Amino acid sequence: MAEFDLVIRGGRVATAADVMDCDVGIRGETIAALGQGLGAGEKEIDATDHLVLPGGVDTHCHIEQLSAAGMMNADTWESATRSAALGGTTTVIPFACQHRGMDLAEVARDYHALAASGALIDYALHLIVTDPTQVCLTEQLPALIRDGHASIKVFMTYDPMRLSDEALLDILLAARTHGALVAVHAENHGIIAWMVRRLLDRGYVAPKFHAVSHARVSEAEAFIRLIALAELIDQPVILYHVSTAEGAAVIREARGRGSKVYGETCPQYLFLTADDLDKPGLEGARFCCSPPPRAEADQEALWRALALGDLQTVSSDHAPFADDEAGKRHAGPGATFKQIPNGLPGLHWRLPLLFDAMVSRGRADLQAFVRVTATEPARLYGLDGRKGSIAVGKDADLAIWDAARRVTISNEMVADATGYTPYAGMEVTGWPVTVFCRGQLVVADGVVQAQPGSGSFLPRQAGPAARPTGRLSAEFDPTQNFGADLY
Ligand code: URP
Ligand code: ZN
Ligand code: ZN
C-alpha cells in the first residue's frame, strides 16, 4: 500500500517564509509530509520545473449578491468559483448580505444554501450588516459569529447600505464583544453625493465622471473617521479596497501609533487607472467600480504600502456585471455614470496579475506574493489553522504554477459570467496550471475537474489579529469612577 494518497514530486515549494525544493505528501485532505525523496503515493504528480504554492485565499468577492442598487451579480457560485479555481484560488470569502428590513439569520441561511450546492472550492462568509436592530445586534449577530462567521462588513456610503457613525459604533462594539473582525467600505458619502449632483446637473454623465465623483479626499476622510471610531471602541478593523496614496498614508499613521488597523487593496488599483474609464460611449463602464481606479502615482504608493506591510492583502473585490443590457448597460445607451452598476470581475485574474508584477517582473519575491495572496488573508480572517500556507497538518490546497508560461489575458479566456475582463490585452508571465483543494483535483492542466458542491464551508473564529489591543480609550477606563460597564 502506498505511503501517501498523493505525492507532488520535484517542485519548488514556496510559503510566505521559505522556498524549498521538496515533495509534498498528502493523506486524505491534508498535507502529511514535506521532504525530498518521499515514499510512494497512490497518485503522483510530476512538478519538476514548476512552483508549488498555497492555493490563493480571496477574502473579498461578491457572489450571487444583490448590489446596493438592487441588481443581482452576474455570477452563480458555480461560475464564480470556477473562475477563481482557474486563477489558482482555492478559498473565497464572499458575503451574506443583509439589506434593510431583512432578517440577518435568514440571509445567512439563504447564502449558505446557494454556496453549498454551487461552490467548487472552499468558502467562508462575511456578514454584511445594514440594519443593526436590537435583535440583530444582540441575538442574530452573536449567534452567527459563534457559528463561524467571524467577520462583519459595513458600508459608509451607498444610500441603501450606509450606516451612521452611531450605528458603526454599535457594530464595532458588538464585534468586540463577540469576537469578529470588521471590514469597512469607507468613503465619505456626502462628498460623493454632492459631486454626483454637481456633475450630472452640468451634463457630465460619461463613465469617466464616475472617477471624478469619488473625489480622492472622500477616501482619506472616511478612513480617518472610521479609525477614530474603531480606536474609541478598541476594535480591529480592515479598510477594504484602498485606492489612494492618502488612504494608505492614513493607515500607516494609525498602525504607527499601535492601532489594529489593516488594509486591503485590489488588482484594479494596482493595474488600472482612471484613464481606463475614459473610453468611447459606455465602454468605460467596464471599469466602473467604487472606489474607482486612480492614478499611476497611487499604484506606486499602494505597491509601497504592500511592501511595508501597511496593507496586508490583495483581494479581487470580484463584483461581476456583464457588459450587456442585463448588466453594465442596463440603463440603455444614454445612461449616466450614476446608473452603471459598480464592480469588476477579478477572481480569475488576481493571482496571475500579481505573480507577474511581483515575481516575474521582480517587484518583490515569491514569499511576498504568497504572503499577500494567501497567508495574510487566511491569518486576518481566522483561517490560518487550515489555509494559506504549505505545512504539515494544513489542508492540501495547492496550486502548481508554470512560472515561465506567457499568457495574454483575453475576453475569450473568461470563465465567469461577465463575458469580459478589464485586463484584456495584458501579457503576464506565470500561470497556475493544476490546482488542488483539500487534496482533490480542482483544475488539471487548465481544465476544471471539480463538481459544484464540492467546496466546504469553513467556520471561523476570530484569531489574534482580530482581537482588541486591550488599550482602552480614556473615556472608558474602568480604573476611573465610571466606564467599566460601557463596553
Ligand atoms: O464597486 C464595487 N467595489 N462594487 C462592489 C461592492 C463594494 O463596494 O464592495
Ligand atoms: Zn466596497
Ligand atoms: Zn466589494
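**View 1. Protein donors of the zinc ion (ligand 2) in a predicted model.** Donors are N, O and S atoms within 2.8 Å of the metal (3.2 Å for Na, K and Ca), and sites may look incomplete because water is not among the atoms. His185 lies in strand 12 (residues 181-185) and His241 in the loop between strand 13 (237-239) and helix 8 (245-256), so the two residues join parts 56 residues apart in sequence. Helices (H or I, at least four residues) and strands (E, at least two) are DSSP runs, numbered from the N terminus. Both histidines, His185 and His241, are buried (under 20% relative accessible area, 1.4 Å probe, protein chains only; exposed is over 50%, partly exposed in between).

**View 2. Geometry at the zinc ion (ligand 2).** Its four donor atoms subtend angles of 54 to 134°, which makes the arrangement irregular. Four donors count as tetrahedral if all angles lie between 85 and 135 degrees; four count as square planar and six as octahedral if opposite donors are over 155 degrees apart and all others between 65 and 115; anything else is irregular.

**View 3. The site of the zinc ion (ligand 3).** His60 (NE2), His62 (NE2) and Asp317 (OD) are its protein donors, at 1.9 to 2.1 Å. The spacing of these donor residues in sequence is H-x1-H-x254-D. This site is tetrahedral, with angles of 86 to 130° among four donor atoms. Both His60 and His62 are buried.

**View 4. The two zinc ions, ligand 2 and ligand 3.** They are 3.7 Å apart.

Residues are numbered from 1 along each chain as its sequence is written, while chains are lettered from A and ligands numbered from 1 in the order in which they are written. In this predicted model local features need pLDDT of at least 70, side-chain atom pairs count only at pLDDT 80 or more, and totals for chains, interfaces and linings use all residues; side-chain values use heavy atoms, with hydrogens and water left out.
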